[in-house]
Amino acid sequence: MDVGADKSVLSFKGIDKAISDAKDIASYKGQNINPKAGQALQEIRSTVDEWKNLPSKEFHTPEGMDALKQSVGDILESIPFEQKAARAAVGDVYAKIKKTISKQAPSYEKVMREYTLASENIREIERALSL
């Protein structure tokens, strides 16, 4: 099945939990201990909140949630490699968005597997070349 043809409306529950869980990387008992990670997570929270307010029939579908995942991926890519905590927090959210889509739309995982592998290989090459 084509992911774009799947018009199921997906839940944000797993994504919200991922953001909440990632806050543990940036804070201790509610106190921000890593400002860079906290800032990155706030940017993701704002992005997700904006996405939630968009029309669900268009933006909360597997294809729409993939676009949200790409937006979070752009945030991840903008974080310098030396900001390990921020990259870890955002990377966890990115991975959990992907998992959330796959759980709710099983065709997504199958269709995106090859694309994901190619993208990860490109990122690895970029990292290696940047060192």
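Modeller: Start with lysine 69 and aspartate 66, which both lie in helix α4, three residues apart, about one turn of the helix. Helices here are DSSP runs (H or I, at least four residues), numbered from the N terminus. This is a predicted model, in which local features need pLDDT of at least 70 and side-chain atom pairs count only at pLDDT 80 or more, while totals for chains, interfaces and linings use all residues. Residues are numbered from 1 along each chain as its sequence is written, and side-chain values use heavy atoms, with hydrogens and water left out.

Biologist: What do lysine 69 and aspartate 66 form?

Modeller: Side chains of opposite charge can pair when their charged atoms come close. A salt bridge is a side-chain nitrogen of Lys or Arg within 4 Å of a carboxyl oxygen of Asp or Glu. Lysine 69 and aspartate 66 form one, with their closest N and O atoms 3.2 Å apart.

Biologist: Is lysine 69 buried or exposed?

Modeller: Buried means under 20% relative accessible area, exposed over 50%, and partly exposed in between (1.4 Å probe, protein chains only). Lysine 69 is buried, at 2%, and aspartate 66 counts as buried at 9%.

Biologist: What covers the buried residues of α4?

Modeller: The buried residues of α4 include Pro62, Leu68, Val72 and Leu76. Among the elements that cover them are α1 (13-26), α2 (35-52) and α6 (106-130).

Biologist: How many Å should helix α4 span?

Modeller: The expected span of a helix is 1.5 Å times one less than its number of residues. Helix α4 (residues 62-78) has 17 residues, so it should span 24 Å; its end C-alpha atoms are 24 Å apart, which agrees.

Biologist: How many salt bridges does the structure hold?

Modeller: There are seven salt bridges. One of them joins the side chains of aspartate 16 and lysine 52 (2.8 Å, N to O). This pair links distant parts of the chain, with aspartate 16 in helix α1 and lysine 52 in helix α2, 36 residues apart. Aspartate 16 is partly exposed at 23% relative accessible area, and lysine 52 is partly exposed at 29%.

Biologist: Where do aspartate 21 and lysine 17 lie?

Modeller: Aspartate 21 and lysine 17 are in helix α1; because they are four residues apart there, about one helical turn separates them. Their side chains meet in a salt bridge (2.8 Å, N to O). Aspartate 21 is partly exposed, with 31% relative accessibility.

Methods
Helix = DSSP H or I, 4+ residues; strand = E, 2+ residues; numbered from the N terminus. Contact = heavy atoms within 4.5 Å.
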